[in-house]
Amino acid sequence: VQLQACGGGLVQTGDSLRLSCVASGRTISRYSMGWFRQAPGKEREFVAGISWGGTMTYYADSVKERFTISRVDAKNTVYLQMKGLEPEDTAIYYCAVDRLALRNHYGNYRPADFESWGQGTQVTVSS
């Protein structure tokens, strides 16, 4: 499967953005999906995850109440709605698909469990 993330940009503190992740080559409906980010000089970190079927969502503490992950399997697409953006949110944002179908992570979304990272999309938040 190939994943294409888009929707990033340069915004100001407090602004909103919606990232999209479009999958091709395989349907993602049976797979948990995750959004991760990597800031310069830092390790890749989990941001938000959504289970296959979309019934369970999980967020890093740093983005809870500000970010919302969702999926539309009919469009093979996952979204990340971000509001109240802060300079600390500046990073390259990647979406990724679970290596295994029908697996639930129950909040433990480890990058090693995901694949097909793609190029990511840059989000820059100015103060």
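A nonpolar core is a set of buried Ala, Val, Leu, Ile, Met, Phe, Trp, Tyr and Cys residues joined through side-chain atoms within 4.5 Å, where buried means under 20% relative accessible area, exposed over 50%, and partly exposed in between (1.4 Å probe, protein chains only). The model described here is predicted; local features need pLDDT of at least 70, side-chain atom pairs count only at pLDDT 80 or more, and totals for chains, interfaces and linings use all residues. Residues are numbered from 1 along each chain as its sequence is written, and side-chain values use heavy atoms, with hydrogens and water left out.

The largest nonpolar core has 38 residues. Those with the most contacts inside this core are Trp35, Phe67, Leu80, Met82 and Tyr93. In soluble globular proteins, nonpolar side chains tend to be buried together. Strand E9 gives the most to the core, with 6 residues; strands (E, at least two residues) and helices (H or I, at least four) are DSSP runs, numbered from the N terminus. Contact means heavy atoms within 4.5 Å. Leaving out residues up to four places away in sequence, tyrosine 93 touches Ala5, Leu19, Trp35, Phe36, Arg37, Val47, Phe67, Leu80, Met82, Gly120, Thr121 and Val123.

Two strands pair if DSSP finds at least two bridges between them. An open sheet is formed by 4 strands in the order E1-E3-E8-E7, with antiparallel pairing. Strand E1 (2–6) and strand E7 (67–72) are the edge strands, each pairing on one side only. From one strand to the next the twist averages 15°, with axes taken as lines fitted to C-alpha atoms (for helices over the stretch in contact) and angles running from 0 to 180 degrees between N-to-C directions.

Glutamine 2 stands opposite serine 24 in E3, and alanine 5 opposite cysteine 21 in E3. In a regular strand the side chains alternate between the two faces of the sheet. The covered face of E1 carries Leu3 and Ala5, while Gln2, Gln4 and Cys6 are on the uncovered one.

Arginine 37, also touched by tyrosine 93, lies in strand E4 (residues 33–38). Is this residue buried or exposed? Arginine 37 counts as buried because its relative accessibility is 6%. Apart from neighbours within four places in sequence, arginine 37 is in contact with Glu43, Arg44, Glu45, Val47, Ser62, Val63, Phe67, Glu88, Asp89, Ala91, Ile92 and Tyr93. A polar contact is a pair of N or O atoms within 3.5 Å; within protein, one must be able to donate a hydrogen and the other to accept it, and residues adjacent in sequence count only if both atoms are side-chain atoms. The arginine 37 side chain makes such contacts with the side chains of glutamate 45, at 2.6 Å, and tyrosine 93, at 2.9 Å.

The pair of arginine 37 and glutamate 45 is also a salt bridge, with the closest N and O atoms 2.6 Å apart. A salt bridge is a side-chain nitrogen of Lys or Arg within 4 Å of a carboxyl oxygen of Asp or Glu. Glutamate 45 is partly exposed, at a relative accessible area of 36%. The structure holds 9 salt bridges, and a network of them links Arg37, Glu45, Arg66, Glu86 and Asp89.

Glutamate 86 and arginine 66 meet through their side chains in a salt bridge of 4.0 Å, N to O. Glutamate 86 lies in the loop between strand E8 (77–82) and strand E9 (91–98), and arginine 66 in the loop between strand E6 (57–59) and E7, so this pair ties together parts that are 20 residues apart in sequence. Arginine 66 is buried, with a relative accessible area of 13%, whereas glutamate 86 counts as partly exposed at 31%.

The loop between E6 and E7 also holds serine 62 and glutamate 65. Serine 62 is partly exposed, with a relative accessible area of 42%. Glutamate 65 counts as exposed at 73% relative accessibility, and its phi is positive, about 75°, although it is not a glycine. Another residue other than glycine with a positive phi is tyrosine 106, at a value near 50°. Tyrosine 106 lies in the loop between E9 and strand E10 (114–115) and counts as exposed at 59% relative accessibility.
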